[in-house]
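These are my notebook entries on what I looked up in this structure. I begin with one residue and then turn to the chain as a whole.

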Amino acid sequence: MSRSSTLPRPRESVFTGGLEPYRGDVNVVCSPNLRECVLAMEDCCEEAHEAQQLLRNGTFDLPRMRKVLESQRVFLLIDEGTVHKYKADLADEIEPQINELIDRAEKGLNALTRREGLIQSKVEVAQAMQSRVATAPTSNKREERRLQMLSKQRRRLEDEVKVLESEILAHTLGTGNKRSASRSFAP
């Protein structure tokens, strides 16, 4: 590094007379402290210039980097083994709950089947009673009234049987879907 203070250079005159040097300064010796101060100032200026160059080189790409860093999408790549592991963990976690729901549905279906059987037997009993009453001559109004009540009860029970049959059909279809869904979760 060459210091600008150590290079010989002509001094500009304060007088308008030209480039003739002033002879009185030729033999003047500068104070060593002043020379040290000038050298230290030149060192500081050179360091500041180098720091400025370094900063400029480090930040000239800032607008492009800002656009790159503003990206909001983050992609995480994982291997297939990890995916299978998490899928198996999820299946192990969900499978007991699905099996419990299937058991509940089957119990509900069995209860509805039993209820349907009871109602069906009531309907058969009511039909048998009606056939007996229809064959026997009605001797009084009390029996006729009883016959009307039994026929109403029979109609009501038949309606309940139809409702239960539709519920059983709906549960059967729903349980079949749940069973196939539980099989698809198996790892």
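Entry 1, a cysteine. I looked up cysteine 45 in this predicted model and found that it is partly exposed, with a relative accessibility of 47%. I then searched for its closest cysteine sulfur, which belongs to cysteine 44 at 7.0 Å. A disulfide requires two cysteine sulfur atoms within 2.5 Å, so this pair is too far apart for a bond.

How many disulfides does the whole structure hold? My search of it returned 0.

I counted 4 helices and 0 strands in the protein chain. Read from the N terminus, the order of elements is α-α-α-α.

I consulted the UniProt record, an unreviewed entry, which places a "coiled-coil region" at residues 140-167. In the model I found this span to be 96% helix and 0% strand. I noted 41 Å between the C-alpha atoms at its two ends.

The chain exposes about 16500 Å², of which carbon and sulfur atoms supply 57%. Finally, I examined the contacts with a separation of 6 or more: residues 24 or more positions apart account for 86% of them.

How values were computed. Residues are numbered from 1 along each chain as its sequence is written. This is a predicted model: local features need pLDDT of at least 70, side-chain atom pairs count only at pLDDT 80 or more; totals for chains, interfaces and linings use all residues. Side-chain values use heavy atoms; hydrogens and water are left out. Contact means heavy atoms within 4.5 Å. Accessible areas come from the Shrake-Rupley method with a 1.4 Å probe; for residues, only the protein chains shown count as cover. Buried means under 20% relative accessible area, exposed over 50%, partly exposed in between (1.4 Å probe, protein chains only). UniProt positions are given in the numbering used here, feature names are shortened, and annotations may be inferred rather than shown by experiment.
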